[in-house]
Amino acid sequence: MKRNSSETKRHDHNNLMWAIGFYEAEGSLLISNGRIIIGACQATNNIKVLYKLKSIFKMGRVKIRKDTRYADWKLKPEERYEFMELINGKLVTQNKQNYDA
């Protein structure tokens, strides 16, 4: 069954909001030695979720660490600003909700 345009947009929006929520809960934004690092980490037995982030955001790379127990989804430097624009205003933490109240 083929979805119509509005169903596809709703599905894409729901996936995007899920991915933003996942990043908000499990992701990180680090500044180390003047470099900005944006990503998320999962145990390798849950690596599919990192590939799902990559697919939904259409950016980043997934790499298994040398110890093979963990994998990372990280943005390339040229993707950082596009990612920040994408999630800007869409984070919904309880603290943000309380602060805006």
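Helices here are DSSP runs of H or I at least four residues long, numbered from the N terminus. With that noted, I opened the model, which is a predicted one.

**Entry: overall layout**
I looked up the secondary structure and found four helices and four strands. Reading along the sequence, I wrote down the pattern α-β-β-α-β-β-α-α.

**Entry: helix H2**
Which residues of helix H2 are buried? H2 covers residues 47-57, and I listed Ile47, Val49, Leu50, Leu53, Ile56 and Phe57 as its buried ones. Then I stepped just past the end of H2, where Lys58 takes a positive phi of about 60°.

**Entry: Leu91**
Where does Leu91 sit? I found Leu91 in the loop that links helix H3 (80-87) to helix H4 (94-100).

**Entry: whole-chain numbers**
I finished with the totals. The protein has 101 residues, and 27% of them count as buried. Among contacts with a separation of 6 or more, 49% come from residues 24 or more positions apart. The accessible surface comes to about 7,500 Å², and carbon and sulfur atoms hold 51% of that area.

Key
Residues numbered from 1 in each chain as written. Predicted model: local features only at pLDDT ≥ 70, side-chain atom pairs only at ≥ 80, totals over all residues. Heavy atoms only, no water. Helix = DSSP H or I, 4+ residues; strand = E, 2+ residues; numbered from the N terminus. Buried < 20%, exposed > 50% of the residue type's maximum accessible area, 1.4 Å probe, protein only. Contact = heavy atoms within 4.5 Å. Areas by Shrake-Rupley, 256 points an atom, 1.4 Å probe, with all protein chains shown as cover.
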